[in-house]
Amino acid sequence: MEHVGKLISSNLGALMDSEPKRWRIVADILYDLGTGLEVLSPLCPHLFLEMAGLGNFAKGMAIVAARATRLPIYSSFAREGNLSDLFAKGEAISTLFNVVGIGAGIQLASTVCSSIQGKMVVGPLLAGLHIYSVTEEMRAAPVNTLNPQRTAMIVAEFVKSGKISSPADLRYHEDLLFPHRLIEDAGNVKVGRPVHKVIKPSQLQELKETFPNEKFLLCNSGNQWTDMVLEDNATGEDALKGWLVAAYASKSDLTEAYDKMNEVFSPFLSELKAKGWHTDRFLDGAGSRFAWS
């Protein structure tokens, strides 16, 4: 079952690239859940295989998710190509605390946790402490790549105040639980929906003429949100352009918003890069894109 969990988790790699901090927390929750099921399985002899199998399944998913999200987080700390050095130091720290944890576990197993009652009391407490620590660790980690949530937050702040936050400034404002929430000041943009569900065929040419030579299309879905569909080879800069247009369009029409975006985009992009953001790609997870034939 562990291998099945690994295979399923391996299909979620694009989502982990987009939200590495959220998936790192999910990985630790799954691992603690799997460990808990394995501990409790002897209490249910008639369901031993099922519980142990589910525990291994959860741990298999957790192992892949934890490994897959490690590199994007390390990359944000890298300076002048020292990623391997960071990775090596991170592994050394991880090994050190694993050894300390094994020692503490042996001590607990021979004292407080010698009975199943002790395990059932101490286990959830340690799991809660673990998840809390990982959550705080992820909140403190600055990630300098653009995903839907960070892009929306950057654009919202720029439209409101003309300022741009650095990855370190923005990190504590990210919503790790519900990263896909809409941000009104950024135009309530949803990105990644299939183009055939967003735009009618009769609208395509009109939108292409509205945004000439651009790699994004915008379509207002009533008063609730604005859909943005990106071209297959669109970068973070293209996503930023689309988000700026959507933000300005909430207060004017699309043509005026597009002109306003073109007016401010060059200094906006220069300051964004100076703050340390990487705009060469846009990580929209498993979002759908389009291509002109």
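Modeller: Let us begin with D280, which lies in strand β5, residues 278-282, and please keep in mind throughout that this is a predicted model.

Biologist: Which residues is D280 in contact with, once its neighbours within four places in sequence are left aside?

Modeller: D280 is then in contact with T235 and G236, whereas the C-alpha atoms of D280 and Q107, which are 173 residues apart along the chain, are separated by 50 Å.

Biologist: What is the relative accessible area of Q149, and is Q149 buried or exposed?

Modeller: Q149, which is found in helix α7, residues 148-161, has a relative accessible area of 3%; buried means under 20%, and therefore Q149 is buried. Leaving aside its neighbours within four places in sequence, Q149 is in contact with E19, E174, D175, P179, R181 and I183.

Biologist: How do you know whether M138 counts as buried or exposed?

Modeller: M138, whose place is in helix α6, has a relative accessibility of 5%, and because the limit for buried is under 20%, M138 counts as buried. Beyond its neighbours within four places in sequence, M138 is in contact with K21, R24, I25, I73 and L176, while M138 and L126, 12 residues apart in sequence, are 18 Å apart in space, C-alpha to C-alpha.

Biologist: What makes G128 partly exposed?

Modeller: G128, which also has its place in helix α6, has a relative accessible area of 38%; buried needs under 20% and exposed over 50%, with partly exposed in between, so G128 is partly exposed.

Biologist: What makes N188 and N213 worth a remark as regards phi?

Modeller: N188 has a positive phi of about 50° although it is not a glycine, and phi of N213 is near 60°, again a positive value in a residue other than glycine. N188 sits in the loop between α8 (167-170) and β2 (189-191), and N213 in the loop between α10 (201-210) and β3 (216-221).

Biologist: Why is N188 called buried, and why is N213 called exposed?

Modeller: The relative accessible area of N188 is 19%, and buried means under 20%, so N188 is buried. For N213 the value is 76%, and since exposed means over 50%, N213 is exposed.

Biologist: How do you know that the span of helix α12 agrees with its number of residues?

Modeller: Helix α12, residues 254-274, has 21 residues, which at 1.5 Å a residue should span 30 Å, and its end C-alpha atoms are 29 Å apart, which agrees. The expected span is 1.5 Å times one less than the number of residues.

Biologist: Which residues of α12 are buried?

Modeller: They are A257, Y258, M261, V264, F265, F268, L269 and L272. As a general point, an α-helix has 3.6 residues a turn, so residues three or four places apart point the same way.

Biologist: What is the volume of the largest pocket, and which residues are closest to its centre?

Modeller: The largest pocket has a volume of about 2,200 Å³, and of the 49 residues that line it, the closest to its centre are D28, Y31, D32, N98 and H130. At least two residues of the lining come from each of α3 (20-40), α4 (48-77), α5 (83-109) and α6 (116-140), and the largest share, 15 residues, comes from α5. The lining divides into 28 nonpolar, 11 polar and 10 charged residues.

Biologist: How many helices and strands does the protein chain have, and what share of its residues count as buried?

Modeller: The protein chain has 12 helices and 5 strands, and 39% of its 293 residues count as buried. Its C-alpha atoms fill a box of roughly 70 × 40 × 30 Å, taken along the principal axes.

Technical notes:
Residues numbered from 1 in each chain as written. Predicted model: local features only at pLDDT ≥ 70, side-chain atom pairs only at ≥ 80, totals over all residues. Heavy atoms only, no water. Helix = DSSP H or I, 4+ residues; strand = E, 2+ residues; numbered from the N terminus. Contact = heavy atoms within 4.5 Å. 1 Å grid on protein atoms, 1.4 Å probe; cavity = no way out; pocket = protein on both sides within 12 Å on 5 of 7 lines; lining within 4 Å. Points joined across faces, edges and corners; volume = space filled by probe spheres on them. Nonpolar A, V, L, I, M, F, W, Y, C, P; charged D, E, K, R; others polar. Buried < 20%, exposed > 50% of the residue type's maximum accessible area, 1.4 Å probe, protein only.
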